[in-house]
Amino acid sequence: MSNCYCGNSISFNDCCEPYIKGIKKAPTAETLMRSRYSAFATGAADYLVNTTHISKRRFHNKKDILTWSQANKWLKLEVLASTETTVTFKAYYLDENLKAQVHYEHSTFKLEDGKWFYVDGEY
């Protein structure tokens, strides 16, 4: 059994997949962020769009998200800090030229009607 893409030591099937498939709702902002990382790693663009706050969706095109997620090889997620509504993390990946990259972000999330949404991030 391998670890989930998000770095948790349980399988993807038992960790992020139930959130991505809509079987369970992410209980915290950090859980949502981890599942969104796994969604990038697996090309689950619908989930990425659907978990982006409605006020920001017009800035996120499903086709572009899918292209970017599939062009990169996702290596590792490192959560540096999290509060109830923010998560600071580093996402390690290889770009389409197989050059190592690190995406550093301080993300903001919002809980609405019992569901967490990604609002925005500072890079």
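A residue is termed buried when its relative accessible area is under 20%, exposed when that area is over 50%, and partly exposed in between. The structure described here is a predicted model. Under these limits Glu112, at 29% relative accessibility, counts as partly exposed. Lys110 is likewise assigned to the partly exposed class, with a relative accessible area of 39%. Glu112 and Lys110 are joined by a salt bridge in which the closest N and O atoms are 3.6 Å apart.

In total, the structure holds five salt bridges. Another of them links the side chains of Glu17 and Lys21, with an N to O distance of 3.4 Å. The two partners fall into separate accessibility classes: Glu17 has a relative accessible area of 19% and is therefore buried, whereas Lys21, at 59%, counts as exposed. A further salt bridge is formed by Arg34 and Glu30, whose closest N and O atoms are 2.9 Å apart. Arg34 and Glu30 both belong to helix H2 and are four residues apart, about one turn of the helix. Arg34 is buried, its relative accessible area being 15%, while Glu30 is partly exposed at 23%.

With neighbours within four places in sequence left aside, Arg34 is in contact with Cys6, Asn8, Cys16, Leu77 and Val79. One of these contacts, Cys16, is also among the residues with the most contacts inside the largest nonpolar core.

Helix H2 itself has 14 residues and spans 20 Å from its first C-alpha to its last, close to the 20 Å expected at 1.5 Å a residue. Of the 14 residues of H2, 11 are buried, so the helix is largely enclosed by the rest of the structure. Just after H2, Gly43 adopts a positive phi of about 70 degrees.

The largest share, six residues, comes from H2. Phe109 touches Ala29, Leu32 and Met33, as well as Thr85, Thr86 and Val87 and the residues Trp116, Phe117, Tyr118 and Val119, not counting residues up to four places away in sequence.

Tyr5 is partly exposed at 39% relative accessibility, and Phe12, at 16%, is buried. The pair of Phe40 and Trp74 is tilted, with 5.6 Å from centre to centre and 35 degrees between the planes. Because Phe40 lies in helix H2 and Trp74 in strand S1, this pair ties together parts that are 34 residues apart in sequence. Trp74 is buried, with a relative accessible area of 12%. Phe40 and Trp74 also belong to one aromatic cluster with Tyr37, Trp68 and Tyr93. An aromatic ring takes part in a charge interaction as well: the charged end of Lys76 sits over the ring of Tyr92, 4.9 Å from its centre.

At 25% relative accessibility, Gly121 counts as partly exposed. With residues up to four places away in sequence not counted, Gly121 touches Glu105, His106 and Ser107. The C-alpha atoms of Gly121 and Asn97 are separated by 25 Å, these residues being 24 places apart along the chain.

Definitions and conventions: Residues are numbered from 1 along each chain as its sequence is written. This is a predicted model: local features need pLDDT of at least 70, side-chain atom pairs count only at pLDDT 80 or more; totals for chains, interfaces and linings use all residues. Side-chain values use heavy atoms; hydrogens and water are left out. A nonpolar core is a set of buried Ala, Val, Leu, Ile, Met, Phe, Trp, Tyr and Cys residues joined through side-chain atoms within 4.5 Å. Buried means under 20% relative accessible area, exposed over 50%, partly exposed in between (1.4 Å probe, protein chains only). Helices (H or I, at least four residues) and strands (E, at least two) are DSSP runs, numbered from the N terminus. Contact means heavy atoms within 4.5 Å. The expected span of a helix is 1.5 Å times one less than its number of residues. Rings of Phe, Tyr and Trp (its six-membered ring) pair if their centres lie within 6.5 Å; planes under 30 degrees apart count as stacked, over 60 as edge-to-face and the rest as tilted. A charge sits over a ring if NZ of Lys or CZ of Arg is within 6 Å of the ring centre and within 35 degrees of the ring normal. A salt bridge is a side-chain nitrogen of Lys or Arg within 4 Å of a carboxyl oxygen of Asp or Glu.
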